[in-house]
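Welcome! Open your viewer, and let's walk through this model one selection at a time.

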Amino acid sequence: MTDAFAERTRRCQQRLDAADADALVLFPSTNLFYLSGFREHPGERHLLLFVPEDDDPVFVVPDMYGEQIADESWISDVRTWSDGEDPLSLVESVADEFGLHGGHLLVDDRMWALFTQGLRRTLPDATFGLASEVLDHLRMRKDGGEIEALRTAGEVADRARRNPGTRRGRHRDDGVRTGRRDRSPTVDAGGDELAFDTIVGSGPNGAKPHHGYGDREIGYGDPVVLDFGAFVGGYPGDQTRTVVFAGDPPERYEEVHRAVLEAEQAGVEAAQSGVTAESVDRAAREVIESYGYGDEFIHRTGHGVGLDVHEGPYIVEGNDLELEPGMVFSVEPGIYLPGEFGVRIEDLVVITEDGCERLNDSPRTWQAL
Ligand code: ZN
Ligand code: ZN
């Protein structure tokens, strides 16, 4: 794995050169993990990774992390500061060494203001851009190990769909959120932890795409939008099915479900190397429009999935990025009827040399299994 992280860093440095940037400055994030192999949540202490354009990367970290990073990352230049010292003087000496004072630095897109302000104060003559300018290109193109992890996460989500844990007992909108009915389906199915809070939108709540969960009693015949996924080896699953657990669904439900299912299929069939991201959105949207529900499909068709659950490529009108083998994203059209119900169906796909491969393949029927 060391080789994979080092190789990514090397390719990142080539892109820094092409982008006329002098260094990348990352803080604890998926970007930092992607290059270094070291994973940590952000904290208030300065923990930064400098990746100069043509020198070896350097960690600036609190003393207490020195040994841990030496164990977990291939990057061997780790400079530490102690509580009570000013970490910015260490930052300044790194900047001196690599000639960054008047340079152009690309900082982690999600870096806290605490640290970006510190960099601006320490390097008043430098200019700043975003790390995504060079990293998005690399992160969108998954390597074999990443695709394997995403495939496993897809299988875990498939198993959770087959055993959603909501069939018996209290049917409530928070049914798969609490107790055994929460973490058990996706995590018991082999996931490490939930990739995001499970969405359980029953009846009218299903018409709000990002409804989380609530205490609404699920009624007979209520359509329920279930959107779930767990991390496996750092990579998430993300799958949506819309089901009716018991009773007869509302009048328009079967037609709406069919429209979404056909739109999802059209999106997956359109997804192939060489076509644009927006053409996949269009393929799915046209089906829903043909059913007369164009105005009720109120979001983009999909998003890239990798170390972050939402990342590039975004499958949306206006994105003319050409899809390439190794890109992984969701195809998740939906129809939302306010006050009534919603339907969304979501699978992840990876672009291959001759089309795409679904990373999810659990039943898409609306009948609960
Ligand atoms: Zn989802
Ligand atoms: Zn999604």
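Start by selecting the zinc ion (ligand 1): D227 (OD), D227 (OD), D238 (OD) and E346 (OE) coordinate this ion at 2.0 to 2.5 Å. Donors here are N, O and S atoms within 2.8 Å of the metal (3.2 Å for Na, K and Ca), and water is not among the atoms, so sites may look incomplete.

A word on what you are viewing: this is a predicted model, where local features need pLDDT of at least 70 and side-chain atom pairs pLDDT 80 or more, while totals for chains, interfaces and linings use all residues. Residues count from 1 along each chain as written, chains are lettered from A and ligands numbered from 1 in the order written, and side-chain values use heavy atoms, without hydrogens or water.

Next, select D238, which bridges the zinc ion (ligand 1) and the zinc ion (ligand 2), 3.1 Å apart. D227 lies in strand 9 (residues 223-228) and E346 in the loop between strand 17 (341-344) and strand 18 (347-352), so this pair ties together parts 119 residues apart in sequence. Strands are DSSP runs (E, at least two residues), numbered from the N terminus.

Are D227 and E346 buried or exposed? D227 is buried at 6% relative accessibility, and E346 is buried at 0%; buried means under 20% relative accessible area (1.4 Å probe, protein chains only).

Strands pair if DSSP finds at least two bridges between them. Finally, select S202, whose bridge partner in strand 9 is V224.

Technical notes:
Helix = DSSP H or I, 4+ residues; strand = E, 2+ residues; numbered from the N terminus. Buried < 20%, exposed > 50% of the residue type's maximum accessible area, 1.4 Å probe, protein only.
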